[in-house]
Amino acid sequence: MIIVSSPLKRDFFKEYVPTLVMGEDTFTFEKEEGLKLYFNTTAEDLDAAVRFLKDTLRKSEYGRALYFIVEKAA
């Protein structure tokens, strides 16, 4: 599971992340707890999935302006 934390535009992340595909791996929104959005992924390499999401979100419409953190769930 991957966590995207952001104080703003959480609806954007909830809608945008599930549209992303990393090779054959996909992401699905699971739940929201406070500032944290939890996403399930079919990717076996969570470190690669975190890097992919972080890089892709930075290139998105709001990515350069928003503060957000992408991390693996413990």
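First, a term I need: contact, or touching, means heavy atoms within 4.5 Å. I am reading a predicted model, where local features need pLDDT of at least 70, side-chain atom pairs count only at pLDDT 80 or more, and totals for chains, interfaces and linings use all residues. Residues are numbered from 1 along each chain as its sequence is written, and side-chain values use heavy atoms, with hydrogens and water left out.

**Entry 1: Leu 46.** I looked up what Leu 46 touches, not counting residues up to four places away in sequence, and found Met 1, Ile 2, Thr 41 and Lys 72. The C-alpha atoms of Leu 46 and Lys 72 are separated by 6.7 Å, though the two are 26 residues apart along the chain. Leu 46 belongs to helix α2. Helices here are DSSP runs of H or I with at least four residues, strands are runs of E with at least two, and numbering starts from the N terminus.

Entry 2: Next I traced the strands, which pair if DSSP finds at least two bridges between them. Five strands form an open sheet in the order β2-β3-β4-β1-β5, with antiparallel pairing. At the edges are β2 (21–22) and β5 (69–72), each pairing on one side only. Helix α2 (residues 46–58) packs on this sheet and touches β1, β2, β3, β4 and β5. I noted four bridges between β1 (residues 2–5) and β4 (residues 36–41), where Ile 3 stands opposite Tyr 38. Strand β3 (residues 25–33) is joined to β4 by six bridges, and Thr 28 has Asn 40 as its bridge partner. Two residues lie between the strands in the hairpin of β3 and β4, and Gly 34 there takes a positive phi near 65 degrees.

**Entry 3: the core.** Last, I looked for a nonpolar core, a set of buried Ala, Val, Leu, Ile, Met, Phe, Trp, Tyr and Cys residues joined through side-chain atoms within 4.5 Å. The largest has 18 residues, of which Ile 2, Phe 13, Phe 27, Leu 53, Leu 57 and Val 70 touch the most other members. Helix α2 gives the most to this core, with four residues. Leaving aside neighbours within four places in sequence, I listed the contacts of Ile 2, among them Phe 27, Leu 46, Leu 53 and Val 70.

Key: Axes fitted to C-alpha atoms, helices over the stretch in contact; angles between N-to-C directions. Buried < 20%, exposed > 50% of the residue type's maximum accessible area, 1.4 Å probe, protein only.
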